[in-house]
Amino acid sequence: LGPTICVGEILVEIVATTVGDGFRQAQPLVGPYPSGAPAIFIDQCGRIGGSAAMIGAVGDDDFGRVNLDRLIRDGVDVSAIAVDATLPTGSAFVRYRADGSRDFVYNIATSAAARFGWTPAVAGLAARAGHLHVMGSALSMPNAWGVIEQAAQLIKVRGGSISLDPNLRKELRYDEATEAQFARLVAMSDLLLPSGEELERAAGVTGEAAAVARLFEMGVTEIVLKRGDEGATCFQRDGSRIDAAAFVVDEVDPTGAGDCFGGAYLACRRLGMPVEQALGYGCAAGARNVTRRGPMEGAGTRAELDDFIRTTKRRA
Ligand code: ATP
């Protein structure tokens, strides 16, 4: 039914190598790494071998080229990524606190990411796509809303499907209009990939079981709850529940785990794999990614993930 497409921010990320409370103490910083949740997701899709394409924009600068080179290397179609001659590629700084939480400083609103729109290249891609994946973080850019809506409609008409990772970030803007847009997207989605409190937030009710039931009532058919180093659980509308154990790894940098998980899970499902096998690849992709510094440096090809699965223990 055509490629999986993802719309949203393409960034470089600069990461603090020390744990602490402020960037002033966070030296040295490392990067720039190719990043942006939608870009990480689609890169992992491409590495698995599913047909994948990205919609967004970079500046005509080195940060943009870092991203384009990576996506092209990993088999992602970049023909609908605009190169903006007047705005720079977006960027993000991340640092980690001692309790494991993290803080981002984003430069998105004044970057190329905040200005892409519906172009002939985007229209051509959306007209042949089979699946649209949306990251909630992209909703912080109002220019992305129309692109997502139009692409979603074209895909739905053709019998394609839509997935959503709420990917809520406290640093990004979520006003009333964004919340409404988020709710519209949840209602349009076939597959939801939340983590933590995002499940209840998407459903608008509290309690895991109640949230899952509510989302099925709203039309979602599959929910995959990501549970960090506790693995993941897939709930299906027919009432089935499949749990997958996490792999045992030393976590170096948690950023991007959820995006890699989602990219691998979706690519595998679209290749026709059953839930259990797709969960295995998703957990492997997330776990492998946290073993390397940088948001997508540990994403894996299917062969690399097969090797990882063969050689890595799973939690009991
Ligand atoms: P992020 O927002 O950082 O991208 P997320 O909250 O969306 O992440 P997580 O649940 O943290 O998603 O990670 C996704 C998957 O990656 C998990 O379901 C798990 O399989 C794997 N994973 C993440 N962290 C670890 C870890 N420390 N050890 C093993 N597996 C992990």
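Author: A helix axis here is a line fitted to C-alpha atoms over the stretch in contact, and angles run from 0 to 180 degrees between N-to-C directions. Keep in mind that this is a predicted model.

Reader: At what angle do H1 and H8 pack?

Author: Helix H1, residues 37-48, packs against H8 at about 40°. Their axes lie 7 Å apart.

Reader: Is the crossing of H1 and H8 left-handed or right-handed?

Author: H1 crosses H8 in a right-handed way. Right-handed means that the near helix is turned clockwise from the far one by less than a right angle.

Reader: Which residues make the contact between H1 and H8?

Author: H1 contributes residues including Ala37, Ile40, Phe41 and Ile48. From H8 come, among them, Gly262, Gly263, Leu266 and Ala267. By class, the residues of this contact are 11 nonpolar, three polar and two charged.

Reader: What makes H8 roughly antiparallel to H9?

Author: The angle does. H8 and H9 pack at about 150°, with axes 7 Å apart. Angles over 145 degrees count as roughly antiparallel. The value passes that cut-off, so H8 is roughly antiparallel to H9. Their crossing is right-handed.

Reader: Which residues make the contact of H8 with H9?

Author: On H8, they include Ala257, Gly258, Phe261 and Tyr265. On H9, they include Tyr281, Gly282, Cys283 and Gly286. The contact divides into 12 nonpolar, six polar and one charged.

Reader: Which residues come nearest to the ligand?

Author: Of the 22 residues around the ligand, the nearest are Ser195, Lys226, Gly258, Cys283 and Gly286. The elements that give two or more residues to this shell are H8 (257-270) and H9 (275-290).

Reader: How does the shell around the ligand divide by class?

Author: The shell has 10 nonpolar, seven polar and five charged residues.

Reader: How do you know that the radius of gyration agrees with a compact globule?

Author: Set the value against the rule. For 316 residues, a compact globule would have a radius of gyration near 20 Å. The protein chain has 18 Å, which agrees. Its C-alpha trace spans about 50 × 45 × 40 Å along the principal axes.

Reader: How many helices and strands does the protein chain have?

Author: The chain has 10 helices and 14 strands.

How values were computed
Residues numbered from 1 in each chain as written. Predicted model: local features only at pLDDT ≥ 70, side-chain atom pairs only at ≥ 80, totals over all residues. Near = placed C-beta within 6 Å. Helix = DSSP H or I, 4+ residues; strand = E, 2+ residues; numbered from the N terminus. Nonpolar A, V, L, I, M, F, W, Y, C, P; charged D, E, K, R; others polar. Contact = placed C-beta atoms within 7 Å. Rg over C-alpha atoms; globule rule 2.2 N^0.38 Å. Parallel < 35°, antiparallel > 145°, perpendicular 65-115°, else oblique.
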